[in-house]
Amino acid sequence: MNTPTTALVCTRLSYDLPDGTPVLRELDLTTGPGRTGLIGANGTGKSTLLRLAAGELTPTSGSVRVAGELGYLPQDASPPGAPRVDEVLGVAERRRALHAIEAGAATEANFQALGDDWDIEERAAAVLGQLGLGHVGLDHGVDRLSGGEAVLLRLAALLLRRPDVLLLDEPTNNLDRSARHRLYEAVRTWRGTLVVVSHDRELLGGVDQIAELRDGAVRWYGGGYDAWEEAVAAEQDNAEAAVRTAEADVRRQRRELEESRTRQARARRYGERAHAERRASRLVLNQRKRDAQVTAGKQQATHERRLEEARERLDEAAEQVRDDDEITVALPGTVVPRGRGVLTLREVETRHGGPLNLTAHGPERIALTGANGSGKTTLLRTLTGELPVVSGELAVHVPLRALPQRLDVLDDERSLLENVARLAPEAGDERIRAQLARFLFRGRRASQPAGTLSGGERLRATLAALLLAEPAPQLLLLDEPTNNLDLSGVRRLASALASYQGALLVVSHDLPFLRDIGITRWLRLDGELRAVDPDEL
């Protein structure tokens with residue numbers, strides 16, 4: 001790779017959705033060699049920015065310039081229709097040429113197809129091994145890979161190409177702990193230009209700088225996630241101190257204005273009495289009155305101007321304070337008495353294997369972990385009845401709802417109001433709007449089509465719909481709930497789940513998030529369900 005000083009340049013970049021809704025407006029961004037973590041609230045345009053840079057979208061205005069070859073890993077990283085691993089890696093044609101030459105077909109066409117890549121199979125195998133896919137052969141069928149393995153395979157294809165600029169959009173989604181650590185190492189050792197959109201605090205801890213997309217502009221912070229968090233905390237302290245100072249100044253200016261008005265009124269009354277008592281000639285009194293009025297008017301105008309300036313400073317200071325609303329999940333009917341049974345599995349065989357045994361009581365908070373492909377999602381789909389039990393006994397003792405990885409509960413063509421009403425037909429418009437407001441969809445946003453939501457907004461809307469569904473769920477199944485959420489969204493979700501009073505069964509590889517929601521029992525699925533210490537994960 002021969003990466004120039006500036007590898008990705010966005011100039012006055014704007015993008016509007018087909019319905020005219022602006023996503024980015026005249027954004028400027030320049031980045032060069034090194035590892036950049038791109039963060040920001042859901043809906044601010046992070047994924048859109050990467051898609052514009054990758055050429056998947058066309059800007060409404062402005063320009064994107066990429067110096068060198070670009071590689072892009074989207075959020076939905078399922079291999080696009082390629083049946084074999086070597087086709088996803090982009091080495092199938094060179095392999096065919098190599099094998100043909102080795103078999104004696106030393107034609108010009110085969111030599112041109114192979115080029116200088118005589119070690120293409122060894123390099124491909126080495127990259128697969130680097131990402132923990134050493135067991136996956138180049139002739140392996142892609143349909144036999146788990147979701148996490150598919151993500152790693154797409155990443156392996158990019159690493160094999162060695163592009164000058166690498167863009168990754170939420171690359172740790174669906175990856176197990178082992179796969180995440182391999183990806184962390186790949187990012188840590190990357191020597192070109194890398195921009196990664198992620199909510200993974202551990203991944204962001206290994207970047208060189210943080211670029212935060214907020215209020216339509218990018219702010220830069222040196223160092224990784226911890227440095228960004230410290231800088232933001234300091235900024236927040238300074239901003240709140242500035243607000244307090246500005247508020248004190250407004251109070252002082254308001255007090256001085258009132259005092260000026262009081263003095264003016266007092267002087268006017270004194271002048272009127274003096275005039276009545278004829279202490280001076282009418283001519284002198286009238287002149288004094290005019291002079292006093294001019295002086296008082298100037299003083300009042302000065303105080304009013306100072307008060308207005310103080311209010312403007314207060315508004316400016318208040319704008320610098322981050323105001324991230326929290327979602328709340330405190331609903332009647334979700335309370336599960338302590339010790340009440342919510343779930344029982346006895347010798348259960350799923351499509352993925354078994355036997356599995358589990359007894360869960362309310363209000364337990366259970367984390368379900370395990371390697372990609374171990375059957376965690378299959379188990380959750382079996383618990384909901386979406387997949388049949390192969391054998392054994394499964395009993396769910398309380399109302400249950402599940403948040404699937406695919407977030408396909410919502411109908412894209414319907415509004416949020418209509419989607420929630422479909423799951424809670426007895427709730428009524430007012431109650432539905434109140435529920436959506438708890439999840440930060442207020443006013444006209446409640447009428448927004450579900451198909452226009454970002455990944456994190458869709459998760460919030462799905463959770464709002466599921467929790468208002470009737471009867472109220474006392475057991476909530478969550479499959480990788482932090483996928484596609486921004487850092488603020490992860491905090492919001494953790495806060496919401498902390499206020500949920502039912503039982504939880506959560507599939508996640510995000511250890512900080514699991515600790516934040518107060519997991520009480522840690523289970524690992526590895527042919528069977530067994531208790532583990534979170535420090536072992």
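These are my notebook entries on what I looked up in this predicted model.

**Ground rules.** I number residues from 1 along each chain as its sequence is written, and side-chain values use heavy atoms, with hydrogens and water left out. Because the model is predicted, local features need pLDDT of at least 70 and side-chain atom pairs count only at pLDDT 80 or more, while totals for chains, interfaces and linings use all residues.

**Overview.** I looked up the helices (H or I, at least four residues) and strands (E, at least two), which are DSSP runs numbered from the N terminus. The protein chain has 16 helices and 18 strands. I then checked burial, where buried means under 20% relative accessible area, exposed over 50%, and partly exposed in between (1.4 Å probe, protein chains only). Buried residues make up 47% of the 537 residues.

**Sheet.** I traced an open sheet of six strands, in the order β5-β6-β7-β3-β8-β9, with mixed pairing. Two strands pair if DSSP finds at least two bridges between them. β5 (70–73) and β9 (217–222) are the edge strands, each pairing on one side only. From one strand to the next, the twist averages 20 degrees. Angles run from 0 to 180 degrees between N-to-C directions, with axes fitted to C-alpha atoms, for helices over the stretch in contact. I looked at β3 (residues 34–40) and β7 (residues 193–197): they pair in the parallel sense over five bridges. T36 has V195 as its bridge partner in β7.

**T193.** I found T193 in strand β7. T193 counts as buried because its relative accessibility is 0%. Its side chain reaches the backbone oxygen of G32 at 3.2 Å.

**Helix α7.** This helix (residues 177–188) has 12 residues. I read 16 Å from its first C-alpha to its last, close to the 16 Å expected at 1.5 Å a residue; the expected span is 1.5 Å times one less than the number of residues. D176 caps the N-terminal end, with a side-chain oxygen 3.2 Å from the backbone nitrogen of S178. Among the buried residues of α7 are R177, L183 and Y184.

**Helix α6 and the cores.** α6 (residues 147–161) lies across β5 and β6 (165–169), at about 175 degrees to β5. I next looked for nonpolar cores, sets of buried Ala, Val, Leu, Ile, Met, Phe, Trp, Tyr and Cys residues joined through side-chain atoms within 4.5 Å. The largest has 49 residues, and L89, L128, L153, L168 and W228 touch the most other members. α6 gives the most to this core, with nine residues. A second, separate core of 43 residues includes A450, L485, L511 and V532.

Terms used:
Contact = heavy atoms within 4.5 Å. Polar contact = N/O pair within 3.5 Å; in protein donor to acceptor, adjacent residues only side chain to side chain.
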